[in-house]
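Let's walk through this model together, starting with a pair of packed helices and then turning to aromatic rings. Keep the viewer open as you read.

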Amino acid sequence: METNEDALRPTAQQARAALAETEQVRASVTTLSATPWPRWFAITLTLYIAAIPPVYGGTLASPRWLLPNLAWGVIMVLMTAAYMVLFTVAGMNWRKKTGVALRFDVLPRRATVPLGIGLPALLVGSALAFRASREPLWLLAASAIGAAVSIAFHLAFVRMHRKTS
């Protein structure tokens, strides 16, 4: 093994300063990656969440409801594809703007776990309740609640980012 005796070694104080600086960079990267989505994507996400219950309810309706079931299925596929494209665009724009990839692991679990369980249960459950009862009020209520939850989470993450900045 070869050693380079001519290289200057940092002093203990310089090493501590470098470590502190590294820690600041890590904290700043974590803050940036926890920043909420761009406003346009938050609006798109809210509209997507609000549209899922009626569209999914239409696909589950036993006889035709407003549109043929196949049309509801095509709408759901197109809507999901458009959402995925916009999600990719938002991620690429965020990376270009900040140099940091969008990450979900920095968000608080006490908020993301209930959202990850509750929102799908609400959206799918309302479609199943609609199929059983034939009452579209279930779909409208789920749309309104889903949109409210989306806006509330966006605002909570905005507030969280402002606290850490």
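Predicted model: local features only at pLDDT ≥ 70, side-chain atom pairs only at ≥ 80, totals over all residues.

Sorted by class, the contact between α2 and α4 consists of 11 nonpolar, two polar and one charged residues.

How are the two helices arranged? Two packed helices are described by the angle between their axes and the distance between the axes. Here α2 covers residues 39-60 and α4 covers residues 109-133, and their axes come within 8 Å, crossing at roughly 35 degrees. The crossing of α2 and α4 is right-handed.

Now follow α4 along its length. This helix has 25 residues and reaches 35 Å from its first C-alpha to its last, close to the 36 Å expected at 1.5 Å a residue. Its buried residues are Ala-111, Leu-119, Leu-123, Ser-126, Ala-127 and Phe-130. After α4 comes Arg-134, which has a positive phi, near 65 degrees.

Next, the aromatic rings. A search of the whole structure finds seven aromatic pairs. One of them joins Trp-40 and Phe-41: the ring centres are 5.8 Å apart and the planes stand at 85 degrees, which is over the 60-degree cut-off, so the pair is edge-to-face.

What kind of pair do Tyr-83 and Phe-87 form? Their ring centres are 6.2 Å apart and their planes lie at 40 degrees, so this pair is tilted. An α-helix has 3.6 residues a turn, so residues three or four places apart point the same way. Tyr-83 and Phe-87 sit four residues apart in helix α3 (residues 69-98), and therefore about one helical turn separates them. Are the two residues buried or partly exposed? Tyr-83 is buried, with a relative accessible area of 16%, while Phe-87 is partly exposed, with 26%.

To finish, select Trp-40, Phe-41, Tyr-48, Tyr-83 and Phe-87 together: ring pairs link these residues into a cluster.

Definitions and conventions: Residues numbered from 1 in each chain as written. Heavy atoms only, no water. Axes fitted to C-alpha atoms, helices over the stretch in contact; angles between N-to-C directions. Helix = DSSP H or I, 4+ residues; strand = E, 2+ residues; numbered from the N terminus. Left-handed = near helix turned anticlockwise from the far one by under 90°. Nonpolar A, V, L, I, M, F, W, Y, C, P; charged D, E, K, R; others polar. Expected span 1.5 Å × (residues − 1). Buried < 20%, exposed > 50% of the residue type's maximum accessible area, 1.4 Å probe, protein only. Phe/Tyr/Trp six-rings, centres within 6.5 Å; stacked < 30°, edge-to-face > 60°.
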